[in-house]
Amino acid sequence: MRVLKFGGSSLASAERFVQVATIIEAVSQKTAVAIVVSAPQGVTNHLVALAQDPSDDKAIEQGLTLFKQSIKTIIDDLSASVENFDHQHAEQALAHWEQQLTRYLKGANLLSYCPEHIRARIISIGERLSVAMLMSVLKAKKHQVDEIAPEQFLVTNDAPLNAVADLVLCKENFQKQYVGLANIAIMPGFIGVNSQGEITTLGRNGSDYSAAVLAVCAQAECCEIWTDVDGIYNADPRVIEEASLLDYLSYQEAMELSYFGASVLHPKTIGPIAQYHIPCLIKNTGNPQAPGTLIANENDQQKKVKAISNLDNLTMINVSGPGMKGMVGMASRVFATMSRENISLVMISQSSSEYCISFCVYSHEAELAKQSLAEEFELELLNGLLEPISLKGGLSIVSLVGDGMHHQRGVAAKFFSSLAQARVNVVAIAQDSSERSISVVIEARKCTDAVKVCHQNFFSHRPTIDVFIVGCGVVGSELIAQIARQQPSLKQQNIDLKVYGIANSKGIVFDEKGIDLQNWQQLLGKDAVVLSAENVKAFVRNNHLINPVLVDCTSNEQLAMSYVDYLEEGFHVVTPNKKANTDTWQYYQALRNAAQKTNRRFLYETTVGAGLPVIDTLQNLIKAGDQLIRFEGILSGSLSYIFGKLEDGMSLSQATAIAKENGFTEPDPRDDLSGMDVARKLLIMARESGMTLELSDIKVQSVLPESFDASGDVDTFMKNLTQLDQQISEQVAQAKAEGKVLRYIGNITQGKCQVTIEAVDSAHPLYSIKEGENALAIHSRYYQPLPFVLRGYGAGAAVTAAGVFGDLLRTLAWEQQH
């Protein structure tokens, strides 16, 4: 015989009842079956609400109507869809139990409350109606069906609403009462009876437990739990899209998972089937061909960690004080108090100093637990031997479960590293000596983040980069295009990079699934909302993004001044914007302190050399013990281009106009010709080498002499620029006569920085740098007399965007290290 249990979601409609009947027919052709049914989905909730306040006549009337309507809808639909359906039998059952329900409620109404043994009768009516409807369907299909009454054998303790079965007595009673059952037998789940013959219930979702008890009593070969998912997953698939189905669990693993939040299986279910070594198969009513998850006796040591589960709505209670230390019996009094109040302890943790005992209870029981403990320890509290009983609510437990964790090194370290990566603070820790599970108590608001990161690191191995791009100009647009091209390749490398937000000066557009990068302009045009730091942060929190990266492709100073806030909120910051790193030294330090404190990265490689690895190279040299002696570099791609054209005989105004036309300069070329852009880059290099300088400390020789009138709009400036052509041409000619060329160079020498126009000869490392190239010569303790030279294109959207993209991927390396 096999026991098949069908839950409320499997019986939610007439169509589902027919599906269930089809499954039963298929299994019953191979072996005898005993069916256990829950109430149709939602019906028990109606009944619980009715029993909650029996003195409210109007609520009772409305509740009875909803209850009757939900059952009658299924009966009517079955009558219409199932040939020869015994409509009368089902209607009679509904009328009978409606009458019983009304009688129970009237009695409770007279008492102004509903006694627990009456409440048990009320809330178990849905299961009885499921039996009547399913029997009518099966009989319409010409099957002989027997009914199993739990009142005849399923003996429990006296807890009316959360009873525990006496398995030995149940088995004896069943074997006396039920001999020679038909090939198909049906029993209502959730229902038991105490020694006085009063109805008890087995706790919410206790029909799983009913099925396990029946499987023991009938000595079944297997207990099948049919539900609305394909089996047990290694994480909650509602939270983790990549959660994968587990094909096998040991009884012990299943017990841990069901206890710590895996909702597919009732925690009490595992005990009977494990005790009597009955395999349990979790199957999907809507997908009966799926293999499901088998729970059996063998331990699977191949996988270190099988699953991650979480349990919510918990409160931690702390009992602490000097009176705890060395006092025999204090712990037993704590737990005896909880036992008297029938309060379940979800997890227990005690300090090695014996100063404190902490334990978690369900939040709805926390105040009762606190009050009971205060009464139990009244004298100790009055005399200061104990501190006031404290509660910490809003907690969840996250657990790693797996038989293979036994004696495996590194699992706990990886677990806690994952929690740190998710920026989760651990409130308490518990692990039993079997090493089958590790559990931590954390803030409930961070639970999803913790589960996501743990699943990434233990199972999917698909880290995420959650990108928010601000600025859709030349560089920002090119970056979006590069990401769009690379997303498929990154996915093949198991990297999940998605752009969740894109912003321009008009606003920002979000998409919780990731923005379609082929269509972002249209979305930004019609769906944009106001851009604010709070909007971006709220989106990350609400969608539990665990590796958010702000990419600032603007030159906006206000945004640059908000980087610290983003870092402190858990964002990485990637930017080609030089404003933050060239603000005050105090702000420069604040950025690095914020990044270090939050284990986030502030990356700005493109602020100096566009796509050249300038910053990274300098940082690595200094980390390796090198010391900067002298630095010189052509740091502006636009001025590299312009000065190259001057060398070729072109005038300053012509060279600047062509550079502007080709996109080498800023929209206003004065930003380049003033030299301040190079000064900012030089200041960043100086600060990276350890110099505590301000922007005002940089001496800058502008390409534009002080005597030149650079006022007016861009067109006016470009017309007036011809006035400098003669002067600059003479400087070029003089340098040429000396075998030299003019270059616009940033220098760091003896702790001082300056930006100047220099004439350099062919022996100089920057002599041949032109056409938009950047070059940097680093003279250091390790690199002398010949400098370390970096050379490449330093202007243009493609190389700059590529550098930003490289920084984006470096945030991933940081996540994997931490």
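These notebook entries record what I looked up in a predicted model.

**Entry 1: α4 and α6**

I examined how helix α4 (residues 87–111) lies against helix α6 (residues 125–140). Their axes come within 9 Å and cross at roughly 170°. The two helices are therefore roughly antiparallel to each other, given that angles over 145 degrees count as such. I listed the residues that meet: His89, Ala90, Ala93, Leu94, Trp97, Leu101 and Tyr104 from α4, and Ile125, Arg128, Leu129, Ala132, Met133 and Ser136 from α6. By class, I noted 10 nonpolar, 2 polar and 1 charged residues in this contact.

**Entry 2: α23**

I asked which residues of helix α23 (residues 614–623) are buried. I found Val614, Ile615, Thr617, Leu618 and Leu621. They cover an arc of only 165° around the axis, so they sit on the same side of α23. Their cover includes α22 (606–609), α27 (676–688), β27 (773–780) and β28 (788–793). Just after α23, I noted a positive phi of about 95° at Gly625.

**Entry 3: salt bridges**

I recorded 34 salt bridges in the structure. One of them joins the side chains of Arg2 and Glu221 at 3.1 Å, N to O. Arg2 belongs to strand β1 (residues 2–6) and Glu221 to the loop between α8 (207–217) and β7 (222–227), 219 residues apart. Arg2 is buried at 19% relative accessible area, whereas Glu221 is partly exposed at 45%.

I next looked up Glu688, which pairs with Arg592, the closest N and O atoms being 3.3 Å apart. Glu688 is buried, at 12% relative accessibility.

Finally, I noted a network of salt bridges linking Arg333, Arg340, Glu376 and Glu380.

How values were computed:
Residues are numbered from 1 along each chain as its sequence is written. This is a predicted model: local features need pLDDT of at least 70, side-chain atom pairs count only at pLDDT 80 or more; totals for chains, interfaces and linings use all residues. Side-chain values use heavy atoms; hydrogens and water are left out. Axes are lines fitted to C-alpha atoms, for helices over the stretch in contact, and angles run from 0 to 180 degrees between N-to-C directions. Helices (H or I, at least four residues) and strands (E, at least two) are DSSP runs, numbered from the N terminus. Angles under 35 degrees count as roughly parallel, over 145 as roughly antiparallel, 65 to 115 as roughly perpendicular and the rest as oblique. Contact means heavy atoms within 4.5 Å. Ala, Val, Leu, Ile, Met, Phe, Trp, Tyr, Cys and Pro count as nonpolar, Asp, Glu, Lys and Arg as charged, and the others, Gly among them, as polar. Buried means under 20% relative accessible area, exposed over 50%, partly exposed in between (1.4 Å probe, protein chains only). The arc is that of the directions from the helix axis to the C-beta atoms. A salt bridge is a side-chain nitrogen of Lys or Arg within 4 Å of a carboxyl oxygen of Asp or Glu.
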